[in-house]
Structure formats: structure tokens, C-alpha cells
Amino acid sequence: MERLDVTTREELLAELEKVEQDLADLEEERRAFLGQTGVHIGVGLLKSRRRQYEREEEQLRSRIAALRARLAE
């Protein structure tokens, strides 16, 4: 996920937009999966997916913060 070769402001802005969209997609997927009411989801799978979503969200938010910091330089 990390793109260390992003150097121009335009590339940073494009990468920021992409990562923000990835975060929005992840949040939508999480709501859809965890908000299901008509389908039984086992507790083990539920816990595993929740941890997975949390890890991915943390990575994306960290990347967003790093990109914003580079843009502020």
C-alpha cells in the first residue's frame, strides 16, 4: 500500500484522494458486513473480520496522516 516514490504535489494529492476513497470503501464494506441482520455470522468470523477492518482502517488513517503531513511541508 505504501508508495514511497510519490514526490510531486499532484502525485501526493492523487494518492491522498485514492487512500481516502479506499477508507470510505472500507467503512461501507464494514457497515454492510457487520450490519447484516438476515444472515447468521459466526462469532469467530465476526471477531476476525472486525479485527481485520480495524487493522486496515488504522493503516489507511496512518497513510492519510502521512500524506497530509508531506503536503503541509
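Modeller: In this predicted model, helices α1 and α2 pack with their axes 9 Å apart and at an angle of about 160°.

Colleague: What makes α1 roughly antiparallel to α2?

Modeller: The angle between α1 and α2 is about 160°, and angles over 145 degrees count as roughly antiparallel, so α1 is described as roughly antiparallel to α2. The crossing of these two helices, α1 and α2, is left-handed.

Colleague: How do you know that the reach of α2 is close to the expected one?

Modeller: Helix α2 covers residues 43–72, which is 30 residues, and from its first C-alpha to its last it reaches 43 Å, to be set against the 44 Å expected at 1.5 Å a residue.

Colleague: Which residues of α2 are buried, and what covers them?

Modeller: The buried residues of α2 are Tyr53, Glu57, Leu60, Arg63, Ile64, Leu67 and Leu71, and what covers them includes α1, residues 9–34.

Colleague: Why is Glu57 called buried?

Modeller: Glu57, which is found in helix α2, has a relative accessibility of 16%, and buried means under 20%, so Glu57 counts as buried. Leaving aside neighbours within four places in sequence, Glu57 is in contact with Leu23, Leu26, Glu27 and Arg30.

Colleague: What makes Leu26 a buried residue?

Modeller: Leu26 belongs to helix α1, and its relative accessible area is 5%, which is to be set against the cut-off of under 20%; therefore Leu26 is buried.

Colleague: Which residues make up the largest nonpolar core?

Modeller: This core has 12 residues in all, namely Leu12, Leu16, Val19, Leu23, Leu26, Phe33, Ile41, Tyr53, Leu60, Ile64, Leu67 and Leu71. Helices α1 and α2 each supply at least two residues of the core, and α1 gives the most, with 6 residues.

Colleague: How far apart are the C-alpha atoms of Leu26 and Leu67?

Modeller: Leu26 and Leu67 are both listed in that core, and their C-alpha atoms are separated by 19 Å, with the two residues lying 41 residues apart along the chain.

Technical notes
Residues numbered from 1 in each chain as written. Predicted model: local features only at pLDDT ≥ 70, side-chain atom pairs only at ≥ 80, totals over all residues. Heavy atoms only, no water. Helix = DSSP H or I, 4+ residues; strand = E, 2+ residues; numbered from the N terminus. Expected span 1.5 Å × (residues − 1). Buried < 20%, exposed > 50% of the residue type's maximum accessible area, 1.4 Å probe, protein only. Contact = heavy atoms within 4.5 Å. Core = buried A, V, L, I, M, F, W, Y, C linked by side-chain atoms within 4.5 Å. Axes fitted to C-alpha atoms, helices over the stretch in contact; angles between N-to-C directions. Parallel < 35°, antiparallel > 145°, perpendicular 65-115°, else oblique. Left-handed = near helix turned anticlockwise from the far one by under 90°.
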